[in-house]
Amino acid sequence: MASGDHLFRHQSGRMVAALTRLFGIHNLALAEDVVQDAFCRALEVWRIRGVPENPCAWLMTAAKNRALDVLRRERTARNFAPELGRWIESEWTLAPVVEEYFAPNIIKDDLLRLMFSCCHPQLPEATQVMLILHILCGFSVDEVASAFVSSHAAAEKRITRAKKVLATSKRLFDTTDPDKLSARLPAVQRALYLLFNEGYHGASPESAVRAELCREAMRLAAMLLEHPPGATPATYALAALMCLDAARLPARVDASGHLVPLFEQDRGQWDQELLAEGLGFLALSAAGSELTEYHLEAAIASHHASAPRMEATDWATIVSLYDRLMTLRPSPIVALNRAIALAQRDGAEHGIAAIRAITEHDRLMAYPFYSAALGELALRCGRSRTAGEHFRAALALARNPMEREFLERRLGACETGEVPEVCNKRM
Amino acid sequence: MSEFTYLYRGRADQTGSPEERQQHLVKWRAWFQELGANGHLKELGHPLENGGVVVKGSQKIVTDGPFAEAKDVVGGFSIIEARDLAQAVELSKGCPILELGGAVEVRPIQTMSM
């Protein structure tokens, strides 16, 4: 077991999934206790005897045995999953039934059920994402809080409330009902998209945390693709955009830990395997007539991916894709990205005008890259003093040391009057 | 060289996240590897189950475990070789259990040669 393989984290979700189907989702807390217990046992035994050959099976067996104890002890005091019914009343049937619940192929489905359960319509989107991270991905409340740059107390409150909402239903979400599944699928896709975005663009100061969030989102999206009714063109598009964006992650931070913007990235560092995988998913997403925001975002990412140099980027197509994205799912962030692409196509002055024209741009005021974009474009137009003011404003909003350091460097460029190389091409 | 036993006291903590537990295990493995590489690890030893009973006195009264507070429960043991008690103590300071508020009890093993 290597330190980086997250076996415990991933196994946690699998065990909670199996146990909540057994106990009923209203007994989620009990399921979590059993999982904690299994981890404690593992720690106590493995630390001395070493990790067993099949650690996942070991943990699952520990959880299963503990579940049997709990069912024996509490079968009269508690209501468990309704379908468990009378099977748990007799020792003759108890053990075989529990054994069935822990069959590996069944657990895979349970994870998916749990994922859909977490995207409960009564929960705000951000809470759904936190819940997925906590229950399915095994992040502790502290780890969730740090991923979302929130306080422990705030994260705990949201997660506790969310669990109460889940507890109002007895069963896990029924993924075998195609109507129910397709009704909730968009919420699940959206939650995974937001999870990925939190990792990719979020404020968490630690780049390691961010990469982990992206990885978790990709793992869950892959899980969704494995389940035929979940593998819709939109899910393929979502997986494509995750792969294509994640492929750029290795180039986003340079050797000395500095943030590197897309324009300056060493494209040789992009992960070719992920790019290929992303393009494969994008091809699969083209089936059918549905066009989602994931299709458009994946298409934009694919244009960046296929440009061997920044200058070779097809900005005209990217702008038109952003235009369509704006009609499908308008947001100030999309508008800002569109304006940046427009600046590449038509020149910096047009970009500035487009940024100024963003409706609801007040919603971007807390986002450092709004001012930073204005600064970048002003710098290209040779107005280094204005650019400096924008970068100073952005600096005041920097959310972590990496952003601060990046913006300080840009501010430094304004003061020396150095015009970034990328600009001279299209002015 | 003398032999010592390390008694690991303190139950695994109930609060850590799965990831933290996994990282903790990695530290144990590294610690044992280092002990072994330097010729100090005579036997890995065994983890002990939490359950069990105590049989006590001439009346042979049997009572259930656990026998102490969670922080004092012996969760396992290993056999160590060291020059003297001072070195055995020094080596025990690398034990990851200490990071989680647990304890290592270092006891010389009595041999006939004394």
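How many residues does helix α19 of chain A have, and how far does the helix reach from its first C-alpha to its last? To find out, select residues 384–397 of chain A in this predicted model. Helix α19 has 14 residues and reaches 20 Å between those two atoms, close to the 20 Å expected at 1.5 Å a residue.

**Around helix α19 of chain A**

Within this helix, highlight A387(A), G388(A), H390(A), F391(A), A394(A) and L395(A), which are its buried residues. Viewed down the axis of α19(A), these buried residues fall within an arc of 165°, so they line one face of the helix. An α-helix has 3.6 residues a turn, so residues three or four places apart point the same way. Next, select R385(A) and A396(A), which are exposed on the other side of α19(A). To see part of what covers the buried residues, display α17 (348–356), α18 (368–380) and α20 (401–416) of chain A, which are included in that cover.

**A buried arginine in chain A**

Move to helix α9, residues 178–201 of chain A, and select R190(A) within it. Is R190(A) buried or exposed? Its relative accessibility is 15%, below the 20% cut-off, so R190(A) counts as buried. Leaving aside neighbours within four places in sequence, the contacts of R190(A) are E125(A), E293(A), Y294(A) and R329(A).

**The nonpolar cores**

The largest nonpolar core has 111 residues, and F23(A), F102(A) and I132(A) touch the most other members. Centre the view on F102(A): not counting residues up to four places away in sequence, F102(A) touches A18(A), L19(A), L22(A), M60(A), A63(A), K64(A) and I107(A). A second, separate core comprises 28 residues, among them L296(A), A354(A), L364(A) and Y370(A).

**The sheet of chain B**

Turn now to chain B, where four strands form an open sheet in the order β2-β5-β1-β6, with antiparallel pairing. At the edges stand β2 (41–47) and β6 (103–108) of chain B, each with a single partner strand, so one side of each is left without a neighbour in the sheet. On average, neighbouring strands of this sheet are turned by 20° against each other, direction ignored.

Select β2(B) together with β5, residues 74–82 of chain B: the two pair in the antiparallel sense over four bridges. Along this pairing, H46(B) stands opposite F77(B) in β5(B).

Finally, display helix α2, residues 85–92 of chain B, which lies across β1 (2–9), β5 and β6 of chain B. Helix α2 of chain B runs at about 160° to β6(B).

Note on methods:
Residues numbered from 1 in each chain as written. Chains lettered and ligands numbered in written order. Predicted model: local features only at pLDDT ≥ 70, side-chain atom pairs only at ≥ 80, totals over all residues. Heavy atoms only, no water. Expected span 1.5 Å × (residues − 1). Buried < 20%, exposed > 50% of the residue type's maximum accessible area, 1.4 Å probe, protein only. Arc of directions from axis to C-beta. Contact = heavy atoms within 4.5 Å. Pairing = 2+ DSSP bridges. Axes fitted to C-alpha atoms, helices over the stretch in contact; angles between N-to-C directions. Core = buried A, V, L, I, M, F, W, Y, C linked by side-chain atoms within 4.5 Å.
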